Amino acid sequence: MSRRTRALSASLSATLSLALLGACTTQGGDDGGSEKGQPGVATGTVIGGTPKRGGTLTVLSNQDFAHLDPARNWVLPAMDFGTRLLYRTLTTFRAAPGEKGGEVVPDLATDLGTPSDGGRTWTFTLKPGLVYEDGTPIRARDIKYNVERSFAPDLAGGPDYAQRYLADTEGYDGPLGGKHLDSISTPDDRTIVFSLRRPVAEFSYTVTLSTFSPVPESREKGVQYDLRPFSSGPYRIESYARGKKMVLVRNPHWDAATDSVRKAYPDRIVVIQGLKGGQIDDRIIAGAGADASAIEWSDLQPSSVAKVLPRPEVKQRLSAERTGCTDMLALNTSRPPFDNLKLRQAMQYAVDKEAQVTANGGPALNDIATGYLPPSLMGGKAADPVHGRSATGDVKRAEKLLAEGGKPGGFDTTITVSTGDKNRAEALQQSLSRVGVRLRIETADPSVYYDTIGDTANAPDMAISGWCPDYPSAATFLPFVFDGRTIRPKGNQGNVSQFRDKAVEKRMDEIAGMPDAAAANKAWAELDTVIQSKSPAVPLLWERKPLLVGDNIAGAFGHPSWTGQFDFAVIGLKDPSRSQG
C-alpha cells in the first residue's frame, strides 16, 4: 500500500534526538527483531488502558480522505479508517499492538479459507446473519461484485491483487457494463470461490484488503460511491462535507457477536478536516472540551515537539511505532533524463540521505534505508547497500556517472512532493546541486498527491513516494513497486518510477510460484539487489510514526499492519461523559 507523506524537520530531529536518547527497554517490534522503545513514548503498548463504551471520539485532520470507496482505498490512514469502521473484509488483522497485530483472523468469513488444487482455488464461507446498515443481508455475490469493480478504469487507485491473482481476467474492465468474472463463483449466498492463475499460499492475507469487502450492485454509484460507502461495519456515515467534516454514527444492524475484532466503543466519531498541523497538535496538547477526546490523523508537527517532550503528562500520550514502510525517491524511467541508466545510478550517489533523515525528524524517527525491502521483510536485518555506505553521498562517483551518461554538467529536472514534504524536497535540491542537477520543486495537497503522481502521462521526473507491505511478505512489495505490467495510466499507485524490465518481471513470476516460503524470501532479497543495480528509485528512509492523543483517549496504539497508525477498531474514551460533539 502507498504510505502517506508527513511533515517533520530538522527542529524535530534535534529535539527528539536529545529528549529520547539513552538506554531504554527492549520489546518485540513489527520487524521480526527487537525494537528499542523510547523513554516516555508509547511503543508496543496501549495508551490510556481499556476504553468505556459511549461518547464522541474526535479526529482532527489536515486533509480530506483520498478515497473511501473500498475498491479504491489503498492509502493509509484512510484504509485503516475504512476497513475498521465502515466495511468488513473476508479476513482481517487482529486488533493488538506488536507482533500479535500481524495475525490474520476471520472477519466476514467463518475461517481463513480453504485452499484446493494446490492453492489455485480458495473457498470462503460467510458467517450466518451478516447484514448491512439497512438490515438487508450481505451476500457472497456482493463481495464478488466489489472485486469486479476494482477492474473498472474509472475506479482506479485501489489494491490490484485481484488483477494479479485471479485467472482469466485479460481484457476485463469491470462490471459497470454488465460483464462479470467467471473466475469468481458464488454457488450460494454464503459461499465464494476464487480461481487463481497460480498457487497463492498467502491468499488468507490477501483478502484482508478492502477489495474483498461487500458492495451490493444496487448501491453502485460509480465514482460517487466514494462519498457514501454502504456500511457493513460498526458505523455508518451520517454526514460528510468534503474537506470539512464527517460524522459517523453507530450502525444499528452491526452485530458484535459476528465480529471478534471491532469493539466500537464510541457512539459517534467526528472527523474535522482542513486544519493546520500545528493547530491540531496545540488543541490536543491543551485538551480543552472535545479536544481531550481527540486524536490526530497526521503526524506530530516539528513546531510541537518542544511542547510535548519536556512535559511527562503529555509525552506519555505520544505513540511512535515503526511504520514498516520504505520511503523512496522514484525516478521516472519512461522518459529523459531517467530513461538513462547512468543518470539514475548517479542519483544513488548524489542524494544526501543523512540530510533526508534530518529533514524528516532525525535519527530518533528514521533509519537510512539501504535497500527497497524494509527490515520487517528481511528477517529483521537491513539489506547490504548496493551503492556504497556513505550516508551523505559520493559526489565524485555521481559526477563520473553523469559524465558517462552524457550529462557532465548536470541537467534540469522536476520533483513533485506532498506539501508536507517540501522541506525534504529542498534538502534533495541542495544535495543534487552539488553535482550540477538543478531541481525544480512542485507541491500537491496530501489528499490528491498519489492521484497526481499516479497520472503517468503527466508524472514528474521525480517524486517522494513509499511503499508498505500489505502483509508480511515481499510478494506484497517488490512486484507492486517494480513490475512494469502493473502500470496504469491513472491511479498508478505503486510503480511510480514506471519501471519496465522483462528479466525482472520473469524472475518475479518464478519467485511467486515457489512453494517453499523460505526459498522465496531468499529469492526476493536477491532480486532486491538486482533491481537496485538498475536504479529505478533511490531508497531513502525507514520511518516511525509519531501521533498524539488527548488525555481522555483510551485503547490507542500504533498497529503494525497499519504502518503505526492508530487502530480504529478498538480506540475509545476513558470517560465518555467528558466528550462533546
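## A proline in a loop

Let's start with proline 337, which sits in the loop between strand 15 (326-331) and helix 9 (341-350). This is a predicted model, and in it a cis peptide bond links proline 336 to proline 337, with omega at about 5°.

Why does that bond deserve a second look? Most peptide bonds are trans.

## Another cis bond

Now move to the loop between strand 3 (56-60) and helix 2 (78-86), where you will find proline 77. Leucine 76 and proline 77 are joined by a cis peptide bond, and omega is about 5° here.

## Positive phi angles

Next come two residues to look at for their backbone angle phi. As background, most residues other than glycine have a negative phi.

Aspartate 117 has a positive phi, near 50°, although this residue is not a glycine. You can find aspartate 117 in the loop between strand 6 (114-116) and strand 7 (121-125). Glutamine 498 is also a residue other than glycine with a positive phi, near 50°. Its place is the loop between helix 14 (478-482) and helix 15 (502-512).

## Buried or exposed?

Is aspartate 117 buried or exposed? Its relative accessibility is 53%, so aspartate 117 counts as exposed, since the cut-off for exposed is over 50%.

And what about glutamine 498: buried or exposed? Glutamine 498 has a relative accessible area of 7% and is therefore buried, because buried means under 20%.

Note on methods. Residues numbered from 1 in each chain as written. Predicted model: local features only at pLDDT ≥ 70, side-chain atom pairs only at ≥ 80, totals over all residues. Heavy atoms only, no water. Helix = DSSP H or I, 4+ residues; strand = E, 2+ residues; numbered from the N terminus. Buried < 20%, exposed > 50% of the residue type's maximum accessible area, 1.4 Å probe, protein only.
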